[in-house]
Amino acid sequence: MLLLVAATFLIFFGMNDALAHAIAEGDKGYIQEISGVHLISFMYLGAKHMATGYDHILFLLGVIFFLYRMKHIALYVTLFAVGHSTTMLLGVYFNIGINSYLIDAIIGLSVVYKAFDNIGAFQRWLGFQPNTKIATLVFGLFHGFGLSTKIIEYDISPDGLIPNLLAFNVGVEIGQLLALGTILIVMGYWRRTASFWRHAYTANVATMCAGFVLIGYQLTGYFIS
């Protein structure tokens, strides 16, 4: 388990910014150069972003960690999708940008929150339990602003903006389903082993630490930029 935690840290934090909310340089250049409606291209970019966005994946992992019934998983994933879709689309359309370091720090906080909730710390240490559905929706809104902020920075052509954004959002949802499917397969296998309950607490503490590192990294960037 310790080797798994160490490998997770190396994988997540050895990645460059292109795998978080930033879009890879090649994709960035493509977005800036094209105009008109390019539905397939933007669907691909949306799916690629979500499937490789480790902050999204960490949050999704936390959300479904102790969810077993598909209707509960569908409910929480839908709340998250509604949140990030709403602010991504509206943020770009109305040109609402938030400092990328600050919004990504809040997204790191969402990872910390969910892991903190999963270990039961709100009830044991603070004596209350936040509404998990509302929290998932609210943090989904912040995840969407993280994406819209990056898209605004790339100054996409207004020609075909709406259909391209809708296609991008469809791609994001496809990427989310692919990431979720992978997580569920791995979690389903792990839950059938005797090690799940022995290491569930440690896994969530490791996820929380990853969230704190994300917060620290983004706040450092904010203060020195």
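## Basis

Buried means under 20% relative accessible area, exposed over 50%, and partly exposed in between (1.4 Å probe, protein chains only). This is a predicted model: local features need pLDDT of at least 70, side-chain atom pairs count only at pLDDT 80 or more, and totals for chains, interfaces and linings use all residues. Residues are numbered from 1 along each chain as its sequence is written, and side-chain values use heavy atoms, with hydrogens and water left out.

## Aromatic pairs

Rings of Phe, Tyr and Trp (its six-membered ring) pair if their centres lie within 6.5 Å; planes under 30 degrees apart count as stacked, over 60 as edge-to-face and the rest as tilted. The structure holds 16 aromatic pairs. One of them joins Phe65 and Trp190, edge-to-face, at 5.8 Å centre to centre and 85° between the planes. This pair links distant parts of the chain, 125 residues apart: Phe65 is in the loop between α4 (54-64) and α5 (70-93), Trp190 in helix α9 (residues 161-191). Helices (H or I, at least four residues) and strands (E, at least two) are DSSP runs, numbered from the N terminus. Phe65 counts as buried because its relative accessibility is 3%. Trp190 is buried too, at 17%.

Phe196 and Trp197 also pair edge-to-face, with 5.2 Å between centres and 75° between planes. Phe196 is buried at 0%, whereas Trp197 is exposed at 60%. Elsewhere, ring pairs link Phe59, Phe80, Tyr113, Phe116, Phe122, Trp125, Phe128 and Phe139 into a cluster.

## Charge over a ring

The charged end of Arg191 sits over the ring of Tyr68, 4.3 Å from its centre. The criterion: NZ of Lys or CZ of Arg within 6 Å of the ring centre and within 35 degrees of the ring normal.

## Helix packing

Helix α6 (residues 100-118) packs on helix α10 (residues 195-224) at an angle of about 165°, with axes 8 Å apart. Axes are lines fitted to C-alpha atoms, for helices over the stretch in contact, and angles run from 0 to 180 degrees between N-to-C directions. The two helices are therefore roughly antiparallel. Angles under 35 degrees count as roughly parallel, over 145 as roughly antiparallel, 65 to 115 as roughly perpendicular and the rest as oblique.

## Gly83

Gly83 lies in helix α5. Gly83 is buried, at 0% relative accessible area. Gly83 touches Leu137, Gly140 and Leu141, not counting residues up to four places away in sequence; contact means heavy atoms within 4.5 Å. His143 is 60 residues from Gly83 in sequence and 7.8 Å away in space, C-alpha to C-alpha.
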